Every structure is written in C-alpha cells, then in structure tokens.
Amino acid sequence: MRKPIVAGNWKMHKTSREAAELAAEIKRELGDMDQVECVLCPPFTSLRAVREVIAGSRLQLGAQNCHWEKQGAFTGEVSAPMLLEEGCSYVIIGHSERRQYFGETDETVARRVRGALDAGLKTIVCVGETLAEREAGTTCSVVERQVRIGLSQVRAGEWDRVVVAYEPVWAIGTGRNATAEQAQEVHAWIRKILRELGGDAAERVRIQYGGSVKPDNAHELFSQPDVDGGLIGGASLKADSFAAIVRAAL
Ligand code: PEP
C-alpha cells in the first residue's frame with residue numbers, strides 16, 4: 001500500500017508573514033493528519049517562517065527547486081544542502097513553469113535530482129505534456145522521455161525518496177483538469193517505465209496528479225489505482241480547499 005502524498009506548490013505567492021499565516025491555518029486543519037503525507041512548498045524566502053509554524057506537527061516542508069551543485073558561483077540559485085538545513089524534506093524538480101520560463105531541460109532535471117538525493121532530500125519530479133503534444137498523440141512518448149532522462153541518475157536504494165508528479169501542462173492553472181481516466185492512463189504508463197528503471201521499487205513510488213485539482217474533483221482523481229495523491233497549485237493557497245483536497249486522498 002502506498003501512502004498518498006499531497007503537496008501544495010505555493011509558487012511565487014506569499015511573503016513570509018503571509019506564508020506563516022497560511023501555514024498556521026493549514027496546521028489547524030491538518031497538523032495531525034497521518035494517513036496522508038502533506039507537504040507545504042512555499043517560496044525560498046518563507047521556508048524558515050513556515051518551518052517554525054509547522055514544527056511539532058506532521059506537516060512537512062518542501063522547496064520548489066534546487067541546484068545540482070552543493071555551492072558555487074551560481075547567482076540566484078539555492079543548493080540542496082541549504083534546503084536541508086532550512087528544514088526541507090522535499091524539493092520539487094522540473095516543474096513545467098521551470099521548463100517553460102527558465103530553460104529547464106530533462107538533463108538539468110536529472111542533475112538537480114542527483115544533487116537533491118545526494119543531500120538526503122526527497123524529490124517530487126514533475127513531468128507532463130503540452131496541449132500540442134497531447135493533440136499530436138505524443139503524450140506517452142513525451143512523458144517517457146521526461147521520466148527516463150529525468151530519473152536517469154537515481155540509484156538502486158533511492159527510489160523510496162522519489163515521487164513523480166504527472167502534470168499535464170494544459171491543465172496547470174487553467175481550471176481544466178485531466179479526467180480521471182486520462183490521468184490513470186498516463187500514471188499506469190509511468191509506473192510501467194518505473195518498473196523498467198527500478199524493478200520492484202516502482203510499486204512503492206508515489207505518482208501524484210497535478211493540474212487544476214480542486215476539492216470537487218480530487219476524490220475521483222485520487223481514487224484511480226495509480227494516482228497516489230496530488231501536487232496542488234492554486235487550491236493550496238487557501239487552507240480550507242487544501243485541507244479538503246488532502247482529505248479526498250484518504
Ligand atoms: C502546479 O503548479 O503544480 C499546479 C498543479 O497548479 P494548479 O493546481 O493551479 O493547476
């Protein structure tokens with residue numbers, strides 16, 4: 001049995017004061033939730049504030065990106081050991097917004113995953129096709145390439161620290177979610193590839209769905225056999241909707 005995992009990707013929202021307030025509300029709703037792993041991923045500047053608020057609860061802290069090197073002349077970047085010291089247990093890697101706006105490629109995703117695993121972090125590795133790719137019938141081949149290259153540097157024994165997030169780009173922030181059937185089809189495909197990469201460990205890897213998940217569609221999506229929770233953008237910025245989505249994973 002895989003424990004569902006729901007993560008809130010707060011993107012570039014919330015100052016540290018606002019983030020602390022939101023985290024406090026989420027803690028009131030979900031602080032002792034133990035059947036679903038709940039991860040809050042605020043901007044770097046709010047990590048410490050959120051860590052202080054959620055201390056002593058079951059909520060976990062995640063970041064939205066990390067560099068592959070431990071340190072160096074990489075202005076504007078943050079390394080995995082830095083995140084670990086800030087209290088992060090997870091880091092999101094390869095989000096489609098990073099791929100679209102910041103030149104992230106499958107190769108840089110692979111390097112960042114390696115850096116995160118080396119530091120002892122767990123990774124949420126995002127994959128997903130664009131609308132043009134779906135309409136061209138290339139969803140499975142695009143996702144396969146992203147998974148095979150993005151996870152190419154994961155070693156045996158590390159798969160329990162890997163979560164994959166399937167996020168069709170056309171569903172992110174658009175209000176247009178994949179249907180449960182569409183999600184399950186791609187999740188099953190991802191798990192098949194994971195079996196080839198990681199053998200039996202693939203059965204333990206959680207695969208989240210992301211893309212316009214809301215309280216009213218979460219249960220149906222999360223009920224699919226290979227959907228093990230969600231990566232939530234917009235709906236994670238309100239404690240009540242995030243809590244409802246987490247409970248839909250029970
Ligand atoms: C995301 O950015 O990871 C995401 C899924 O966003 P939204 O839930 O807003 O579609």
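**The ligand site and its surroundings in a predicted model**

A polar side-chain atom of His-95 is placed 2.8 Å from an oxygen atom of the ligand. The structure is a predicted model, in which local features need pLDDT of at least 70, side-chain atom pairs count only at pLDDT 80 or more, and totals for chains, interfaces and linings use all residues. Residues are numbered from 1 along each chain as its sequence is written, and side-chain values use heavy atoms, with hydrogens and water left out.

A polar backbone atom of Gly-173 is 2.7 Å from an oxygen atom of the ligand, and a backbone N or O atom of Ser-212 lies 2.8 Å from an oxygen atom of the ligand. Taken alone, the ligand exposes 290 Å², of which the protein buries 97%; these accessible areas come from the Shrake-Rupley method with a 1.4 Å probe, and for residues only the protein chains shown count as cover. In total, 14 residues surround the ligand, and the closest are Lys-11, Glu-167, Gly-173, Ser-212 and Gly-234; a residue is counted here if one of its heavy atoms lies within 4 Å of the molecule. By class, this shell consists of four nonpolar, eight polar and two charged residues. In that classification Ala, Val, Leu, Ile, Met, Phe, Trp, Tyr, Cys and Pro are nonpolar, Asp, Glu, Lys and Arg are charged, and the others, Gly among them, are polar.

Ser-212 is located in the loop between strand S7 (206-210) and helix H9 (215-222); helices (H or I, at least four residues) and strands (E, at least two) are DSSP runs numbered from the N terminus. Ser-212 counts as buried because its relative accessibility is 8%, where buried means under 20% relative accessible area, exposed over 50%, and partly exposed in between (1.4 Å probe, protein chains only). The backbone of Ser-212 has a positive phi, near 55 degrees, in a residue other than glycine. Most residues other than glycine have a negative phi. Lys-14 is also not a glycine and has a positive phi of about 85 degrees. Lys-14 belongs to the loop between strand S1 (5-9) and helix H1 (16-30), and its relative accessible area of 29% makes it partly exposed.

A further loop, between helix H4 (96-101) and helix H5 (106-119), holds Glu-104. With 6% relative accessibility, Glu-104 is buried. The side chains of Glu-104 and Arg-112 are joined by a polar contact of 2.7 Å; such a contact is a pair of N or O atoms within 3.5 Å, and within protein one must be able to donate a hydrogen and the other to accept it, while residues adjacent in sequence count only if both atoms are side-chain atoms. Residues up to four places away in sequence aside, Glu-104 touches Asn-65, Gly-94, Arg-98, Arg-99, Val-109 and Arg-112, contact meaning heavy atoms within 4.5 Å.

Arg-112 and Val-109 are also among the contacts of Ile-93, which include Cys-66, Val-113 and Ala-116 as well. Ile-93 lies in strand S4 (residues 90-93) and is buried, at a relative accessible area of 0%. Although Ile-93 and Val-113 are 20 residues apart along the chain, their C-alpha atoms are separated by 6.9 Å.

Strand S3 (residues 60-63) contains Gln-60, a residue that is buried with a relative accessible area of 18%.

The nonpolar interior can be described next. In soluble globular proteins, nonpolar side chains tend to be buried together. Here the largest nonpolar core has 71 residues, and Ile-190, Leu-194 and Phe-222 have the most contacts inside it. A nonpolar core is a set of buried Ala, Val, Leu, Ile, Met, Phe, Trp, Tyr and Cys residues joined through side-chain atoms within 4.5 Å. Leaving aside neighbours within four places in sequence, the contacts of Leu-194 include Val-147, Leu-151, Trp-159 and Val-164.

Finally, Val-246 is part of helix H10 (residues 239-248) and is buried at 0% relative accessibility. Beyond residues up to four places away in sequence, Val-246 touches Val-6, Leu-30, Met-33, Val-36 and Cys-38.
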